[in-house]
Amino acid sequence: MNILDQFFVFHPDPWRNKDWRAASGLPLEDVWFQAADGTKLFGWHVEAQPDSPVILWCHGNAGNIINRLENLRLLWRQALSVFVFDYRGYGRSQRVGPSEEGLYLDAIGAYDYLTRVRMSRPERIIIFGRSLGAAVAGDLATRKPSAGLILESSFPSVEPVAKHYYGGLPVHWLLNSEFRLIDRLPQLSLPKLILHGDQDDIIPPEMGRSVFEAAKPPKSFHLISGADHNNTFQVGGASYFQLFTEFASRAIRR
């Protein structure tokens, strides 16, 4: 395990005990499942209508699923079923040091839970990844069938992000993590929606544009006016969720 990766790339938060179902007002279902290598993971599932799209959500590099509750509530209110999970080392998931390959295995386990345990059909599943999770989502989409892919606040690979933060210095050489989403995109023919805040100073909008340009059609790119890295769904408001839900609905009807 590369200590620099743990310092620069992954920023997990431990769990905080609370009755999150009562606090959120959501029909949260606690889910324990295994990653593809057997690592024990935890997530939440919220069910909408039986025929609604199922959002498989790969979150970003910081915090844990508790930090996604507001966003989860708003997605569920759009009549979307959602399964959001914590990677290894995050939240209640097994305290194993996260790694690039580990996160990919975690996402495979989440997908397998949906399809094998909940019997969700691949043609109903929309894989959604935000920030670092976009790279995880893109990798999963190359390995497992799904109806569509939503990438938000995404970046081509770790290399340009590291150079952005360190004045062009090749800091990425010191890291094991590469997260080369840009290599996965040309392989994917499923519909893709790429979203980015136009005020994002953590992952600048031009990186999201590079992701869009690397992707095969069908694809669409939308800048969210006034949004930074972490408040896309809040600033975007109704128009953001309209884009999200209309894309998901079209994708499962293909």
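This is a predicted model: local features need pLDDT of at least 70, side-chain atom pairs count only at pLDDT 80 or more; totals for chains, interfaces and linings use all residues.
**The largest pocket**

The space in the largest pocket amounts to about 760 Å³. Its lining comprises 31 residues, and those nearest the centre are Asn61, Ala62, Ser131, Ile202 and His229. Two or more lining residues come from each of strand E5 (62-63), helix H3 (69-76), helix H6 (158-165) and helix H9 (232-253). Of the elements, H6 gives the most to this lining, with four residues. Sorted by class, the lining of the largest pocket holds 16 nonpolar residues, 12 polar residues and three charged residues.

Strand E6 spans residues 81-85, and five of its five residues are buried. In a regular strand, side chains alternate between the two faces of the sheet. On one side of E6 lie Ser81, Phe83 and Phe85, and on the other lie Val82 and Val84; all of these are buried, so that both faces are covered.

E6 pairs with strand E3 and also with strand E4, as set out below.

| Strand paired with E6 | Residues | Sense | Bridges |
|---|---|---|---|
| E3 | 40-46 | antiparallel | four |
| E4 | 54-58 | parallel | four |

Phe83 of E6 has His45 standing opposite, and Val84 of E6 is the bridge partner of Trp57.

Key: Residues are numbered from 1 along each chain as its sequence is written. Side-chain values use heavy atoms; hydrogens and water are left out. On a 1 Å grid over the protein atoms alone, a cavity is a set of points where a 1.4 Å probe fits but cannot get out, and a pocket is an open set with protein on both sides within 12 Å along at least five of seven lines; lining residues have an atom within 4 Å of a point. Grid points are joined across faces, edges and corners, and a volume is the space filled by probe spheres set on the points. Ala, Val, Leu, Ile, Met, Phe, Trp, Tyr, Cys and Pro count as nonpolar, Asp, Glu, Lys and Arg as charged, and the others, Gly among them, as polar. Buried means under 20% relative accessible area, exposed over 50%, partly exposed in between (1.4 Å probe, protein chains only). Two strands pair if DSSP finds at least two bridges between them.
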